[in-house]
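Here is a short briefing for a reader who is new to this structure. Please look over the sequence and the model first.

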Amino acid sequence: MSGEPLVQVCGLHKRYGPVHAVRGLDFHLERGRVLGLLGANGAGKTSTLGMLAGVLAPSEGRVVIAGHDLRRSPLAAKARLGYLPETPPVFQDLTVDEYLHHCARLRGLTGRRLAAAVDAAKSRCGLADSGTRLLGNLSKGYRQRAGLAQAIVHAPDVVILDEPTAGLDPAQMRDLRQVIRALGREHAVILSTHVLPEAQTLCDRVQIMHEGRLALSAPMDALPGDDAGHRVRLRCSPGAGKVAALPMVDAAEEDVDGSLRVRVRGGEDGVVDFAAACAAAGWGLLELSPRRQSLEDLFISIACSDGAREPAA
């Protein structure tokens with residue numbers, strides 16, 4: 001995406017007395033992108049989201065939302081963002097319509113603009129037929145939809161979502177993910193979740209925090225690999241032992257799905273030699289593809305490490 005980033009974070013720190021919870025975050029986000037902000041409990045994720053949403057003051061650094069510095073011009077910056085905390089800020093004794101009209105008025109909308117904005121938010125979040133229902137009588141999934149509707153009722157440039165699908169059943173999660181995916185095409189969305197397959201499905205980029213720092217920052221389609229080698233499937237597999245005996249193979253082991261995990265020495269030339277050796281042996285090479293770490297593998301390796309790695313580009 002071209003153009004000025006809608007979110008710019010520069011040298012962001014947060015201290016609580018002697019506890020240094022967030023340590024020098026730097027990143028930006030453009031329109032049409034969904035950023036997954038991940039981290040184990042205590043990694044600094046919640047503090048970061050609070051600072052991005054303008055509900056927590058940073059100890060150092062800057063947050064710029066759609067060109068407005070959140071500290072110097074808080075009203076202008078907050079007018080351009082919407083925030084759904086982990087617990088939706090709904091009033092149990094209001095109907096959906098009353099609640100969304102209230103939220104829209106707080107955002108400065110009046111008259112026809114207010115009515116149109118509420119109708120659009122309800123339609124987008126699957127609440128078109130729920131306007132007269134009390135929020136206290138709705139299921140958790142529909143309260144979550146109402147919370148999301150209040151976050152987008154004023155058509156913000158930036159939408160921040162903290163665990164938006166937590167506690168929902170599979171059908172509710174699917175529906176809400178469709179809404180988030182649609183939002184990601186028009187807004188800049190920051191999504192925090194502990195459901196890693198959700199992040200892998202929805203996000204264009206992932207950032208994993210560890211001990212207050214960004215331990216990983218990478219596009220979802222370019223997550224760093226490891227030394228897991230190649231996935232190999234053979235029509236007539238001789239077993240891992242015979243494959244490991246080939247001169248260009250460092251190690252081979254069987255995987256749970258019947259494929260082989262093979263580490264080949266010699267770079268691309270070694271891979272070409274390995275394929276030729278499989279063909280010469282009559283093993284019937286069906287697949288030879290690099291293995292990449294899954295997002296879960298990366299998350300666990302970072303969350304269980306003693307120190308943060310340097311973020312990837």
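Helices (H or I, at least four residues) and strands (E, at least two) are DSSP runs, numbered from the N terminus. This is a predicted model, in which local features need pLDDT of at least 70 and side-chain atom pairs count only at pLDDT 80 or more, while totals for chains, interfaces and linings use all residues. Residues are numbered from 1 along each chain as its sequence is written, and side-chain values use heavy atoms, with hydrogens and water left out.

**Overall picture**

- The protein chain has 10 helices and 14 strands.
- Its C-alpha atoms fill a box of roughly 75 × 45 × 35 Å, taken along the principal axes.
- Of its 313 residues, 48% count as buried. Buried means under 20% relative accessible area, exposed over 50%, and partly exposed in between (1.4 Å probe, protein chains only).
- Take the contacts in the protein chain with a separation of 6 or more: residues 24 or more positions apart account for 68% of them. Contact means heavy atoms within 4.5 Å.

**Helices α3 and α4**

- Helix α3 covers residues 96-106 and helix α4 covers residues 111-124. Their axes come within 10 Å and cross at roughly 125°. Axes are lines fitted to C-alpha atoms, for helices over the stretch in contact, and angles run from 0 to 180 degrees between N-to-C directions.
- That angle makes α3 oblique to α4. Angles under 35 degrees count as roughly parallel, over 145 as roughly antiparallel, 65 to 115 as roughly perpendicular, and the rest as oblique.
- The crossing of α3 past α4 is right-handed. A crossing is left-handed if the near helix is turned anticlockwise from the far one by less than a right angle, and right-handed if clockwise.
- From α3, the contact uses D97, L100, H101, A104 and R105. From α4, it uses L114, V118 and K122.
- These contact residues divide into 4 nonpolar, 1 polar and 3 charged. Ala, Val, Leu, Ile, Met, Phe, Trp, Tyr, Cys and Pro count as nonpolar, Asp, Glu, Lys and Arg as charged, and the others, Gly among them, as polar.

**A117 in α4**

- A117 sits in helix α4. It is buried because its relative accessibility is 14%.
- Not counting residues up to four places away in sequence, A117 touches L109 and V153.
- A117 and L100 are 17 residues apart in sequence, and their C-alpha atoms are 9.2 Å apart in space.

**Two positive phi values**

- Most residues other than glycine have a negative phi.
- A155 is not a glycine, yet its phi is positive, near 55°. A155 lies in the loop between α5 (140-152) and β7 (158-162). With 57% relative accessibility, A155 counts as exposed.
- E163 is not a glycine either, and its phi is positive at about 50°. E163 lies in the loop between β7 and α6 (170-186). With 6% relative accessibility, E163 counts as buried.

**Cysteines**

- How many disulfides does the structure hold? It holds 0. A disulfide is a pair of cysteine sulfur atoms within 2.5 Å.
- For C125, the closest cysteine sulfur is in C103, and the 12 Å between the sulfurs is too far for a bond. C125 is buried, at 2% relative accessibility.
- For C236, the closest cysteine sulfur is in C278, and the 12 Å between the sulfurs is again too far for a bond. C236 is partly exposed, with a relative accessible area of 44%.
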